[in-house]
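Thank you for making time this morning.

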Amino acid sequence: MFDNKELFKKAFLSKLEMSVGKSFEETSPQDQYHVLGNMIREYISTNWIKTNQVYRSTETKQVYYLSIEFLLGRIMGSNILNLGIHDVVEEGLADLGISLEELESNEPDSALGNGGLGRLAACFMDSLASLDLPGHGCGIRYKHGLFEQKVINGVQVEYPELWLQNGQVWEVRKSDLAVEVPFWGRVESYYDENGRLTFKHRDAEPILAVPYDIPVVGYQTETVNTLRLWNAEPANVPYHDDIMRYKRETEMVSEFLYPDDAEDSGKILRLKQQYFLVRASLHAILNSFRNKQKDIRELPNYVSIHINDTHPVLAIPELMRILLDEEMLSWEEAWDITVQTVSYTNHTTLSEALEKWPVRLFQPLLPRIYMIVQEINERFCKELWDMYPDQWQRIEDMAIIAHDQVKMAHLAIVGTHSTNGVAHLHTEILKKREMNNFYQVFPERFNNKTNGITHRRWLMKSNPALSDLITDSIGDKWKVEPPRLKELEQFKQDAAFLEQLEKVKHENKVKLAERIFEQNQIKVNLDSIFDVQVKRLHAYKRQLLNVLHIMYLYNRMKEEPNFRPHPRTFIFGAKASPGYYYAKKIIKLINTVAERVNNDKTTNDYLKVVFLENYRVSLAEEIFPAAEVSEQISTASKEASGTGNMKFMMNGALTIGTMDGANVEIYERVGKDNIFIFGMTSEEVMNYQANGGYHSSEYYMLDRRIHEALNQLVNGFFPNTNGMFDVIYDSLLIENDQYFVLRDFDSYVKTQEMVSNAYKDKKWWNQSSVVNIANSGFFSSDRTISEYANDIWHVKPAKSLIINS
Ligand code: NBG
């Protein structure tokens, strides 16, 4: 039905009439979207079934990627691209007077994630399938994904997200594969007839995990992998004292992504989600392994289980439980198999983000799992004791359970054969500082896998004009071998190419300007520099530094009529965690500054500030292609990697950034002349943190730009904001500016001046943009996934098997 335009139109029209019972003229865009989605899913089915058959029947090792987040965004466009049916569909629809782009916009984003970690998982799914690797995603089917953000009077307001409201065309419910997940209850131990100590979990409250499978289509290949999302539903319990409470509590498990865990009730729910994901996924994994009739001791040769951050770390004690209680292996054997099977990625060194669970909550909820964690801890501490006799402090620091808390990152390192960081610098910090104790014990386990992004969504799909320009210049091999983008460098001196590149950027800016006008009713200058910071709102990401710089520019323009730098449009997009008071104040500040500068006639030809609400994957796809300056300004050492930085680079933006996360590797690839680096190094930051010596008030006293801007936060400069920004002011002065905003301010301002000056030379700018695009191939997640596949999982492509089946 997608072979040619005419066949497609015929099939589309007949399905449309059959499934919605209306004539073509009566159908809504929603109807049309659903019908097209269903057609595509049907079209995928044959290869999906075939891929699954091959995975079931062959001996190829399978990898399971367990993640509490998958931030997929819209699925239709990516499927259309990967299936190679774009032109047929677009032209066929055009004949019917329908725009494919508009039709696609009827799909709600699948926002089952918060930010980088979840989006990384989504890029990885795309790369696994595109590289024909047997990779399965395992996650949770949250009824409500990440909240929808509205900005009302400059303030973030959260609304529940409703991606399932109109039905989901990509998922297939598989009730027959549902799994029971037990919580609470008690563990009974007894000796069986062979004298083996045996454990039974009694009086548990089971809930049902029902899988919904989503096909993951590879690019121009027959491979269709599966993302399995588990839905929580009441089990067929014979008796329960309060059935309504049971139903409510059960459904809560897959109701919301990341419930607020400030309260105990939220913590229990979160831990429930984690075990729910792990128990159901491991049950399915082991089932499919058992069908292969192999000795359980061979598990690591056939299965690799990857845990994305510590949220699924219970996979370790859960696999132990299966091997001990169901397979009746000895502890030593079970442990060996578990460690060989499971691997772990660390995504942060921020201590507040490292998960710890109070024993008083963990033990009653997961009694058997807790016993196993305890045993793992005891054995590990004993080994440490042998290694470091009498070093109490060291052992206490490294223990998995200490001070009535279960430390999930410690469990993850001890219970897996591989711990990787997500950028070179991050891995070094893990090894040398944050996890140095563990590195000394298990040096061979630590390795780096620098993050990546799928160039299919983030370049080919979201920036078709640039993608075409590249293909016209170097052919289309780069689409399957992104490092070939390097060949673009030969066009650095090609005036016609540079002109084309500038034109593409300009057209993308025009589109984004339209979006800005539609959402914010702000008219932006198309010749201004589009300077963008889009990412989660967090103190360490330092959106505040960006704002203080804008305030400084504004103040200086007001004071000095001759000071008029190249016009700039500062664009922000950011969601703050609903309970993160400080981050919400920063959003308010950005909007307050925007209000002021956008409405000041003396400066607003030169300076505009735009806060785009509800930043999400689909909006990001409109923003990156239009960006010229990429703001990657975290306090050095704090951003594990970043992936937005790579998306900007691939779309030809130039980075202004600190030597942090993957910025360092961007710097290494483009060279110092094609990136604007400023601020302290991670070493300097860590030295301050270790030895003290930073006094933010000195910067306030001595730098009048800082002095003025900080005073404006609290002195009524912004009307009707009485007391509103005290918390920001205090964080910078009273709390000594934990993220060194003031320390890096001067360096940032100077570097921003360099950016403005550089932009005046458009030829140079475009050349630098070419260098950025040309060197972005390394950051394709295909490279990242190949490294995981070769070095950690030891899995191989299964393509030939699928084609020959
Ligand atoms: C985030 C880091 C980012 C990194 C992504 C993906 C968490 C816990 N960490 O720097 O902050 O790019 O993970 O690895 O979300």
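Rings of Phe, Tyr and Trp, taking the six-membered ring for Trp, are said to pair if their centres lie within 6.5 Å. With that in hand, and keeping in mind that what you see is a predicted model, please look at Phe2, Phe8, Phe12 and Tyr43, which ring pairs link into a cluster.

The structure holds 31 aromatic pairs, and one of them, formed by Phe2 and Phe8, is stacked, with 5.6 Å from centre to centre and 25° between the planes.

Staying with Phe442, I would point out that the charged end of Arg445 sits over the ring of Phe442, 3.8 Å from its centre. An arrangement of this kind is found at Phe183 too, where the charged end of Lys272 sits over the ring, 5.6 Å from its centre.

Which residues does Phe446 contact, once its neighbours within four places in sequence are left aside? They are Ile413, Thr419, Lys431, Met435, Phe438 and Tyr439. As for distances along and across the fold, Phe446 and Glu514 are 68 residues apart along the chain, and their C-alpha atoms are separated by 47 Å.

Let me turn now to the helices. Helix H19, residues 464-474, packs with H20 at an angle of about 165°, and the two axes are 9 Å apart. Since angles over 145 degrees count as roughly antiparallel, that makes H19 roughly antiparallel to H20. The crossing of these two helices, H19 and H20, is right-handed. On the H19 side the residues that meet the partner are Ala465, Leu466, Leu469 and Ser473, and on the H20 side they are Phe497, Gln500, Leu501 and Val504.

Helix H20 spans residues 495-520 and also holds Asn508, a residue that counts as buried at 8% relative accessibility. Apart from neighbours within four places in sequence, Asn508 is in contact with Asn463, Pro625 and Ala626.

How do the axes of helix H22, residues 581-598, and helix H29, residues 726-733, cross, and at roughly what angle? They come within 9 Å of each other and cross at roughly 110°, and H22 and H29 are therefore roughly perpendicular to each other. Here H22 passes H29 in a left-handed crossing. The contact is made by Tyr581, Tyr582, Lys585, Ile586 and Leu589 of H22, together with Val727, Ile728 and Ser731 of H29.

Next, a word on backbone angles. Most residues other than glycine have a negative phi. Against that background, Asp390, although not a glycine, has a positive phi of about 70°, and its place is in the loop between H13 and helix H14 (392-398). Asp390 is exposed, with a relative accessible area of 57%. Asn614 is likewise not a glycine and has a positive phi, in this case of about 55°, and Asn614 lies in the loop between strand E22 (607-611) and helix H23 (617-623). Asn614, however, is buried, with a relative accessible area of 11%.

My last stop is Val771, in helix H31, residues 762-774. At 5% relative accessibility, Val771 counts as buried. If residues up to four places away in sequence are not counted, Val771 touches Glu489, Lys492, Val670 and Asn674. Between Val771 and Ile80 there is a separation of 691 residues in sequence and of 30 Å in space, taken from C-alpha to C-alpha.

Notes
Residues are numbered from 1 along each chain as its sequence is written. This is a predicted model: local features need pLDDT of at least 70, side-chain atom pairs count only at pLDDT 80 or more; totals for chains, interfaces and linings use all residues. Side-chain values use heavy atoms; hydrogens and water are left out. Rings of Phe, Tyr and Trp (its six-membered ring) pair if their centres lie within 6.5 Å; planes under 30 degrees apart count as stacked, over 60 as edge-to-face and the rest as tilted. A charge sits over a ring if NZ of Lys or CZ of Arg is within 6 Å of the ring centre and within 35 degrees of the ring normal. Axes are lines fitted to C-alpha atoms, for helices over the stretch in contact, and angles run from 0 to 180 degrees between N-to-C directions. Helices (H or I, at least four residues) and strands (E, at least two) are DSSP runs, numbered from the N terminus. Angles under 35 degrees count as roughly parallel, over 145 as roughly antiparallel, 65 to 115 as roughly perpendicular and the rest as oblique. A crossing is left-handed if the near helix is turned anticlockwise from the far one by less than a right angle, and right-handed if clockwise. Contact means heavy atoms within 4.5 Å. Buried means under 20% relative accessible area, exposed over 50%, partly exposed in between (1.4 Å probe, protein chains only).
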